[in-house]
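Thanks for asking me to look this over. My notes follow as numbered points, with the cut-offs given where each term comes up.

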4 protein chains.
Amino acid sequence: MPVLNDEVPDEGDYDANRRRGEFDHITPEDFIRGSGHGNPPGWLDSGEITRIRRETPMPYVVVVPVRVDDFGRISKVGSLLCVSEDGSVERTLIAGRVLYHESVREAIARNISKDLGDIALPTLPQSLQPFTVAEFFPTPGISPFYDPRQHAIALCYVVPIPGDCKPQDETLDVEWCDAQGEQLTECIDQMANGYGEIVRRALAWAGA
Amino acid sequence: MPVLNDEVPDEGDYDANRRRGEFDHITPEDFIRGSGHGNPPGWLDSGEITRIRRETPMPYVVVVPVRVDDFGRISKVGSLLCVSEDGSVERTLIAGRVLYHESVREAIARNISKDLGDIALPTLPQSLQPFTVAEFFPTPGISPFYDPRQHAIALCYVVPIPGDCKPQDETLDVEWCDAQGEQLTECIDQMANGYGEIVRRALAWAGA
Amino acid sequence: MPVLNDEVPDEGDYDANRRRGEFDHITPEDFIRGSGHGNPPGWLDSGEITRIRRETPMPYVVVVPVRVDDFGRISKVGSLLCVSEDGSVERTLIAGRVLYHESVREAIARNISKDLGDIALPTLPQSLQPFTVAEFFPTPGISPFYDPRQHAIALCYVVPIPGDCKPQDETLDVEWCDAQGEQLTECIDQMANGYGEIVRRALAWAGA
Amino acid sequence: MPVLNDEVPDEGDYDANRRRGEFDHITPEDFIRGSGHGNPPGWLDSGEITRIRRETPMPYVVVVPVRVDDFGRISKVGSLLCVSEDGSVERTLIAGRVLYHESVREAIARNISKDLGDIALPTLPQSLQPFTVAEFFPTPGISPFYDPRQHAIALCYVVPIPGDCKPQDETLDVEWCDAQGEQLTECIDQMANGYGEIVRRALAWAGA
C-alpha cells in the first residue's frame with residue numbers, strides 16, 4: 001500500500017522538480033497526515049532517494065514525544081518500537097526527512113502523524129529554534145549520531161503529545177517512560193545510532 | 001479583598017523566612033490560582049516590597065500570550081489593557097515577580113491566572129530557556145526596558161492560551177491582534193516601558 | 001581558478017559518494033580554508049548540484065558577521081557586497097550549503113573564510129543551536145525567504161569577527177554598520193530575499 | 001582587604017538606593033574588575049544581604065568556563081576549587097548575584113574577573129538567552145539545585161576563556177578537564193549543590 005513515508009517509498013513516487021501548484025488538487029490531509037489515501041504527487045522514488053542520500057546532506061527533523069504536566073514539565077518520554085531493515089525490533093524516535101517544498105513545521109506534523117496516528121494532537125513548538133542539531137554521518141564515530149544510509153542534519157524538537165497514539169506502518173508501539181525513573185536510563189541505553197543522546201540532550205534542555 | 005498579587009499587597013502579608021511547609025495547609029489552587037480565598041502565608045507587605053525593590057534586582061517573569069494554529073505558528077498576539085497607578089489605561093503584557101520559594105513555572109502559571117482567569121488553560125513551555133532576558137532599570141535609557149519602581153530581571157516566555165480569558169483585578173481586558181497585520185505594529189507602539197520591544201523579540205524568535 | 005565554492009563549481013568537481021578517507025591526502029587547510037590550492041576531492045559538478053537542488057531541500061548555514069565589545073554586545077553588523085548572477089551588486093550575508101560529510105561547524109568556518117579571507121579569526125558558536133532557522137523556498141511569498149535556485153533550510157548563527165577581512169571571490173566588500181544607528185535600517189532594507197529579516201532576528205535574539 | 005565580592009562583603013558596604021550617578025567618580029575597572037582598589041559605592045552590608053536573601057529570590061549568574069578549539073567546540077571544562085564556609089575545599093563554578101543597577105553582562109564579567117583574575121579575557125555571549133535557568137532553593141530536594149543561604153534564580157552561560165587565569169580571593173585554583181575524557185565525569189560528581197548538573201546541561205547544549 002502506498003504511504004507517504006520516506007523509509008519505504010514506492011516505485012513511481014517522486015518529488016523532483018515539483019512545484020507547489022502540484023499539490024493544488026489534493027487536500028492538506030493527504031499531504032500532512034499522509035496515510036491511506038494514495039501518494040501525493042512529488043514523491044521521489046526509492047532509487048532517486050538512495051542516490052541523493054550519497055550526494056548531499058539530507059535535512060531531517062527528529063521529534064522527542066513527551067507527556068507534560070500542567071506546569072509544562074516533562075512527566076513521560078516516548079520512544080518508538082520499530083521493525084528495522086534486518087527484521088529485528090529497535091527503539092528509536094520520530095524522525096524523517098523534510099520533503100522538497102515542505103516546511104519544517106509540516107515535516108514535524110507529518111512525521112508525528114505517520115508514527116503516532118491522526119489523533120495524537122501534538123503541541124508543535126512556537127519557534128523553530130531546535131534544542132539541538134544532530135549530525136548523522138554515514139561513517140560511525142565521527143559524531144554521536146550514525147545513519148548508514150546518509151549524512152542527515154536533524155533539527156531536534158520536544159513535542160508534547162496530549163492525545164491518543166495509534167502506531168502504524170513500521171511503528172509497532174510507543175512506550176512512555178517516567179521522566180524521573182531509572183526505567184528511562186534503560187530506555188535511553190536501548191536506543192542505537194545516537195537517538196539516546198538526543199533524548200539526553202532534550203532532558204537537559206527541559207531541565208528534567 | 002485580599003489577593004495573591006504583588007501589585008496590590010495587603011497589610012500583614014509577608015513571605016520572609018517562610019518554609020515550604022507553611023503551604024501544607026492550603027490547597028495548591030490557593031497558591032497558584034490565588035484569588036478570592038484569602039492570602040496564603042509568606043507574603044511580603046507593601047512596605048517591605050518597596051524597600052527590597054530599592055536594594056536588589058527582582059527576578060521577574062514576562063509572558064507574551066498568543067493564539068497558535070495547528071502547526072504551532074503564532075496567529076494572534078495578546079496584550080492587556082490595565083489601569084495604571086495614575087488612573088490612565090495602558091497596554092502591557094503579563095508580568096510579575098517570582099515569589100520566595102516559588103518556582104519559575106509556578107510564577108508563570110500564577111501570573112497568567114491572575115490576569116486571564118482560571119480557564120485560560122495556558123500551554124507552559126517545556127524548557128525554562130527564555131526567548132529573551134529583559135533588564136528593567138529604574139533609570140530610563142539604560143536599556144530598552146524601564147520600571148520606575150525597581151531593577152527587574154525578567155525571563156520572557158511565549159505562552160499559547162487555548163482557553164477562555166476572564167480578565168480580573170487591574171486587568172480590564174485582553175486584546176488579540178493578528179500576528180501578520182498592521183494592527184500589531186500599532187499595538188506594539190502603544191506599549192510603554194519596553195513591553196513592545198519584548199513582543200518584537202518574541203515574534204522574531206517565533207519566526208512570525 | 002578552481003575554488004572550494006559552491007556558487008561557481010568547476011567542471012569535474014564532485015562530492016558524490018566520497019568517503020572521509022578521500023580527504024587523507026589533503027591538508028585541513030585545503031578543505032576548510034579552500035582557496036588557491038586546487039579543488040579537494042569530493043566536489044559535485046555544477047550540473048549535479050543544479051539537479052539535486054530541484055529534488056531535495058539543501059541544508060545551509062547563514063552567518064551574520066558582527067563586531068562585539070568587551071561585554072559581548074554587538075557593536076557593528078557586517079554585510080557583504082557581491083556581484084549577483086545578472087551582474088548587479090547586491091547586499092547579502094555569508095551563506096553556503098553544507099557539503100556531504102562536512103560538519104556544520106566546518107561549513108560555517110569554510111564559508112566565512114571563503115567570503116572574508118583567512119585572517120578573519122571568527123569566534124564560532126559553542127552550541128549549534130541556531131538563533132533561527134530560515135526556510136528559503138524557490139517560490140516567492142511562501143516564507144520571508146526566497147532562493148530561485150532551490151529549497152534551502154538555513155541554520156543561522158551570529159559570529160563575531162575580531163580579525164581582518166580580505167573579501168575575495170564574488171565578494172567585493174564587507175561593510176560594517178553601527179548596531180544602534182539608522183544606517184543599519186537602510187542596510188537591512190537593501191538586502192533582498194529575506195536576508196534583512198535574518199539580520200532583524202539576529203538583533204532581536206542578541207538584544208541589540 | 002575590601003573586595004567587590006558578594007561572598008565576603010565588608011561592614012559599611014551597601015548598594016541600597018544607589019543611583020547610576022554614584023559610580024561617576026570611580027573608573028569602570030573598579031566596578032567591573034573589582035579587586036584591590038577599595039569598595040565601590042552602593043554595596044549592601046553583610047546583614048542587609050542576609051536579610052534580603054530570606055525575603056526574595058536573588059537573581060544570579062552562573063558561568064561554566066571552557067576552553068574551545070578553532071571550531072568553537074568545547075575542549076576543556078573549567079571548575080573552581082574554593083574554600084567553603086566550613087573550611088573544606090569544594091569544587092564549584094563561577095557564580096554570583098547581580099547587583100542593583102548592574103547589567104547581567106556586567107555581572108558575568110565581574111564574577112569571572114573576581115574568580116579568574118583580570119587577564120582571563122572571557123568571550124562573553126552575544127545573546128543573554130541562557131542555556132538553562134537553575135533554581136537554587138534553600139530547602140534541599142525541591143530542585144537539583146540547593147543553596148542554604150537563599151532562593152537564587154541563576155541564568156547560566158558557557159563562556160570561553162582564552163586568556164590566563166590568576167585565581168584569587170576564595171578561589172584557590174581553576175582545574176581544566178578534558179571535555180571528552182572520564183576525568184570530567186569524576187569532576188562533575190565532585191560538585192555539590194547541583195553545579196555538576198549545570199555542567200551536564202552545558203555539555204548537552206554544546207553537543208559535547
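1. Let me begin with the polar side of one chain pair. Across the interface of chain C and chain A, 12 residue pairs are in polar contact, both residues being at pLDDT 80 or more. A polar contact is a pair of N or O atoms within 3.5 Å; within protein, one must be able to donate a hydrogen and the other to accept it, and residues adjacent in sequence count only if both atoms are side-chain atoms. On the side of chain C that touches chain A, the elements giving two or more residues are helix 2 (46–53), strand 1 (58–68), strand 5 (132–137) and strand 7 (152–160) of chain C. Helix 2 of chain C brings the largest share, 4 residues. Helices (H or I, at least four residues) and strands (E, at least two) are DSSP runs, numbered from the N terminus. By class, this side of chain C holds 20 nonpolar, 7 polar and 10 charged residues. Here Ala, Val, Leu, Ile, Met, Phe, Trp, Tyr, Cys and Pro count as nonpolar, Asp, Glu, Lys and Arg as charged, and the others, Gly among them, as polar.

2. A word on conventions. This is a predicted model, in which local features need pLDDT of at least 70 and side-chain atom pairs count only at pLDDT 80 or more, while totals for chains, interfaces and linings use all residues. Residues are numbered from 1 along each chain as its sequence is written, chains are lettered from A and ligands numbered from 1 in the order in which they are written, and side-chain values use heavy atoms, with hydrogens and water left out.

3. How many residues of chain C are in contact with chain A? There are 37 residues of chain C in contact with 37 residues of chain A, contact meaning heavy atoms within 4.5 Å. The area buried between chain C and chain A is about 3100 Å², and carbon and sulfur atoms give 60% of that. Buried area is the accessible area (1.4 Å probe) that two parts lose on being put together, summed over both. Within chain C, the residues that lose the most area to chain A are C:Glu55, C:Tyr100 and C:Gln129, together 21% of what that side buries.

4. Now the charged pairs. The whole structure has 44 salt bridges over all chains, and 2 salt bridges are counted between chain C and chain A. The rule is a side-chain nitrogen of Lys or Arg within 4 Å of a carboxyl oxygen of Asp or Glu. One to look at is C:Arg51 with A:Glu55, whose closest N and O atoms are 3.2 Å apart. C:Arg51 sits in helix 2 of chain C and A:Glu55 in the loop between helix 2 (46–53) and strand 1 (58–68) of chain A, so the pair joins two chains.

5. The contact takes 38 residues from chain B and 38 residues from chain D. About 3100 Å² is buried between chain B and chain D, with 60% from carbon and sulfur atoms. B:Glu55, B:Tyr100 and B:Gln129 supply 21% of the area that chain B buries against chain D, more than any other three residues.

6. Between chain B and chain D the count is 2 salt bridges. D:Glu55 forms a salt bridge with B:Arg51, at 3.3 Å between the closest N and O atoms. Elements giving two or more residues to the side of chain B that touches chain D are helix 2 (46–53), strand 1 (58–68), strand 5 (132–137) and strand 7 (152–160) of chain B. Helix 2 of chain B gives the most to that side, with 4 residues. The classes on that side are 21 nonpolar, 7 polar and 10 charged residues.

7. Finally, helix packing within a chain. The axes of helix 4 (residues 182–189) of chain A and helix 5 (residues 195–206) of chain A come within 8 Å and cross at roughly 140°. Helix 4 of chain A and helix 5 of chain A are therefore oblique to each other. Axes are lines fitted to C-alpha atoms, for helices over the stretch in contact, and angles run from 0 to 180 degrees between N-to-C directions. Angles under 35 degrees count as roughly parallel, over 145 as roughly antiparallel, 65 to 115 as roughly perpendicular and the rest as oblique.

8. Which residues make the contact in chain A? A:Leu184, A:Ile188 and A:Asp189 in helix 4 of chain A meet A:Gly196, A:Val199, A:Arg200 and A:Leu203 in helix 5 of chain A. This contact has 4 nonpolar, 1 polar and 2 charged residues.
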